Each structure stands twice: as C-alpha cells, then as structure tokens.
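Please view the sequence and the model before reading on.

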Amino acid sequence: MGYSKMIDYLKMDVEGSEWPSLEAMFKEGFLTKYVKQIGIEYHSYGIKKSPKRFLTILAKLEELGFRKWNVHWNMHCLRKTKNTLSITLCTEVYYVNMNILK
C-alpha cells in the first residue's frame with residue numbers, strides 16, 4: 001500500500017460509500033495500523049437490501065479493536081415519512097482504536 005504515517009483522526013463522510021471503503025480498508029489492514037480514531041457518517045439507505053453485510057462490517061470494526069465513544073444522529077439527513085414523522089438516514093459514530101492506545 002505504501003502508506004506509513006499515523007493518522008490521529010480520520011473523518012469519513014462519503015455519502016454511502018463508507019461501506020465499501022471500510023471493506024477495502026479492512027482488506028489492506030489500513031485501519032488497525034495507521035488510524036487512532038475514526039469518525040464515520042453512516043448512511044442507512046441500502047441496509048434493507050443486505051443487512052448481514054452491514055452488521056458484518058460493524059462487527060469487524062469491534063473485532064479490530066475499535067470502540068465507540070460517541071454516537072449521534074445527523075439531522076441534515078432528515079426525511080419525512082408518510083405519517084409526517086421525521087427520521088434521519090445518517091448517524092455519526094466515533095471510534096477509538098484501543099490497540100494503538102495500549
């Protein structure tokens with residue numbers, strides 16, 4: 001891969017491409033070697049098509065030593081439902097790499 005510098009904080013806001021991006025980073029071993037903290041804006045559209053894929057990705061982050069330290073809804077992704085309720089399709093999740101902190 002050729003990358004060798006430690007990243008203190010990586011922010012991912014890639015409008016739905018976070019899922020394939022994370023899978024690629026898992027394959028390369030990038031996250032566990034070079035990222036101390038990561039903030040990811042998760043987009044929930046598409047999850048109904050493949051919930052197992054998304055759960056596998058989330059479990060892999062935990063398996064690699066990343067622990068959530070903050071979660072909140074992104075209110076810029078609000079959508080109205082048929083019942084005029086507002087829901088958000090985006091969640092901001094922040095992780096710390098426990099392996100690097102040791």
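At 14% relative accessibility, does Tyr94 count as buried or exposed? Tyr94 counts as buried, because its relative accessibility is 14% (buried is under 20% relative accessible area, exposed over 50% and partly exposed in between, with a 1.4 Å probe and protein chains only).

## Basis of the model

The model is predicted: local features need pLDDT of at least 70 and side-chain atom pairs pLDDT 80 or more, while totals for chains, interfaces and linings use all residues. Residues are numbered from 1 along each chain as its sequence is written, and side-chain values use heavy atoms, leaving out hydrogens and water.

## Aromatic pairs

The structure holds four aromatic pairs (ring centres of Phe, Tyr or Trp, the latter by its six-membered ring, within 6.5 Å; planes under 30 degrees apart are stacked, over 60 edge-to-face, the rest tilted). Trp19 and Tyr42 are stacked, at 4.8 Å centre to centre and 20° between the planes. Because Trp19 lies in helix α1 (residues 18–28) and Tyr42 in strand β2 (residues 35–43), this pair ties together parts 23 residues apart in sequence (helices, H or I, have at least four residues and strands, E, at least two, as DSSP runs numbered from the N terminus). Both Trp19 and Tyr42 are buried.

The planes of Trp69 and Tyr94 meet at 40° with centres 5.7 Å apart, so this pair is tilted. Trp69 belongs to strand β3 (residues 66–73) and Tyr94 to strand β6 (residues 90–97). Trp69 counts as partly exposed, at 48% relative accessibility.

## Glu41

Strand β2 also contains Glu41. The side chains of Glu41 and His43 are joined by a polar contact of 3.0 Å (N or O atoms within 3.5 Å; within protein, one able to donate a hydrogen and the other to accept it, with residues adjacent in sequence counted only if both atoms are side-chain atoms).
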